[in-house]
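Student: Please walk me through reading this fold, one feature at a time.

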Amino acid sequence: MSVLSTPFISQCVILSNYSNITEAKTFTFKETTIDDIQIAFKQNKLTSRQLVELYLSEIQKANPILKGIIEVNPDALFLADKADQERKSGALLSSRLHGIPVLLKDNIATKDKLNTTAGSLALVGSIVPQDAGVVKKLRNAGAIILGKATMTEWAGSRSSKMPDGWNGRLGQALNPYVASANPSGSSTGSATSVAANLAAVALGTETAGSILYPAYANSVVGIKPTVGLTSRAGVIPISHRQDTVGPICRTVSDAVEVLDAIVGFDKDDFLATKKASTYIPHGGYRQFLKADGLKDKRLGLSKDLYEIKTSRQHVNTLRKKGAVLVYNLEIPNIDLVRDALVVSQGIVHSAEFKMNLNAYLKELVYTHVRSLADVIAFNKISASEKVEEYGQDIMVAAEKTNGIGKLEREALWNITKACKYGFEKLMKEKALDALISPGADIAHLLAIGGYPGINVPAGYDKNGVPLGIFFGGLKGSEPTLIEIAYGFEQATRIRKPPPSHPHWDYISDSI
């Protein structure tokens, strides 16, 4: 039996127990929101057990095709029963996420029966020392860990040739709207599974675009928080300067509910979370879900955005809802910014990846690999990792680094200057509340400075492939970005669920 077979057998055994499910007759779970679920709980029209059973049934039907979920939590129904008992007892519930099933990206550690592998066979069977910081907060909120979502292996940091959404454990994930279109990554399964109604809400992680890109590609909402707003403790790392954890959901309101539950100080990510905790508003983020959130907001647009027909329609909507639009913007000191994005970021990432990953692996209670060098060696002997086809050039380059030396310090300084005299200068001089992008154009710009961003569904092309719109801002600007994103969403209400079976009549250049 191959190592790859194990999670599939476990999943099939787990799911086979739920083939005879009696659905809650008065509740439609597809496209449901946290608010819908909580109302149904209160009206005794739904239990957490019924909700989890509904999702497990849908996973059993759709996941063999979509490959969005790498493992289902064998304790999901036990946790659902526990939530139902707490609700029935009249206990004071700690959060609106109580009893809600949450899907986690496979690089977010859980101290339970689930693996945490970043999609790699090298980490199957490894044992983490404790739950990730965000998982502790979810459990404290009463949320149910439904399972682990698939992802681009090692968050895209193994190979430059690897397709988005592929990993050695599960293979290639599919876009639920158009199966041959790029599902994007690296938080692929978090986005595809939420889009396809295989989970209520999900968590993704981002270093450079890994929440925003797949949210865009799968017609869902993704929030990339300011770095440090959410703990990265227990998350398989790439770069502590840029890594962040955020929600991927079908609606802005759901994403904000999840964000409220996972932000805050964590002693295991002390410096970053202490600094960013000053950005958290008193009373949380729900208060910024305002239907008129676009009113008087100054939004910066590039020329490229206005030239896209679909985007022109949205520009008109933004204007009608009271936004002040600033056109034809150019990033100041663009050569400095380009150098930071193209050259400096690569130099620093290689060194950071090796140092951070080695530190993470050494902290594991049990694992077959204790260093990046061990992972590289494992990949060479594992046929399922397809090294001959996809390679591992990013890992090999990282292994050649030797910490933060003169070259890396110079690159870090270049990144700091690019942020200060590029994006920040533009935002402050033009007094912008947000910069808008029709696609992922600003994702890497937001990444290098640890800035927040939100993607909101913005339509579909002629082939049915989803489109999105990005809103990015300065550190700590989540309240303003939420107002803008929610205002846009409520004005357009453009998201629609994917077809029962993804279309195959469009061939993406990316796959």
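**Reading helices, strands and their packing**

Tutor: Let's start with a backbone detail: just after α8, G264 takes a positive phi of about 125°. Helices (H or I, at least four residues) and strands (E, at least two) are DSSP runs, numbered from the N terminus. This is a predicted model, in which local features need pLDDT of at least 70 and side-chain atom pairs count only at pLDDT 80 or more, while totals for chains, interfaces and linings use all residues. Residues are numbered from 1 along each chain as its sequence is written, and side-chain values use heavy atoms, with hydrogens and water left out.

Student: How many residues of α8 are buried?

Tutor: Buried means under 20% relative accessible area, exposed over 50%, and partly exposed in between (1.4 Å probe, protein chains only). Helix α8 covers residues 252-262, and nine of its 11 residues are buried. Among them are V252, D254, E257 and I262. A62, in helix α3 (residues 48-66), is also buried, because its relative accessible area is 18%.

Student: In β6, which residues point one way and which the other way?

Tutor: In a regular strand the side chains alternate between the two faces of the sheet. Here V201, L203 and T205 point one way from β6, with A202, G204 and E206 pointing the other way. Both sets are buried, in keeping with a strand (residues 201-206) that has six of its six residues buried.

Student: Which way do β2 and β6 run, parallel or antiparallel?

Tutor: Two strands pair if DSSP finds at least two bridges between them. Strand β2 (residues 101-105) is joined to β6 by three bridges, and the two run parallel; L103 has A202 as its bridge partner in β6. Strand β8 (residues 244-249) is joined to β6 by five bridges and runs antiparallel to it, with P247 as the partner of L203.

Student: What order do the strands of the open sheet have?

Tutor: Its 11 strands, with mixed pairing, have the order β1-β3-β2-β6-β8-β7-β12-β13-β11-β9-β10. The edge strands, β1 (69-72) and β10 (324-326), each pair on one side only. Three bridges join β10 to strand β9 (residues 298-300), and these two run parallel.

Student: At what angle do α8 and α18 pack?

Tutor: Axes are lines fitted to C-alpha atoms, for helices over the stretch in contact, and angles run from 0 to 180 degrees between N-to-C directions. For α8 and helix α18 (residues 478-492) the angle is about 150°, with the axes 9 Å apart. That makes α8 roughly antiparallel to α18, since angles under 35 degrees count as roughly parallel, over 145 as roughly antiparallel, 65 to 115 as roughly perpendicular and the rest as oblique. With contact meaning heavy atoms within 4.5 Å, V252, S253, V256 and L259 of α8 meet I482, A485, Y486 and E489 of α18.

Student: And what is the angle between α12 and α16?

Tutor: Helix α12 (residues 334-363) and helix α16 (residues 406-429) pack at about 140°, with axes 8 Å apart. That makes α12 oblique to α16. Residues in this contact include L336, V337 and D339 of α12, and L407, E408 and A411 of α16.
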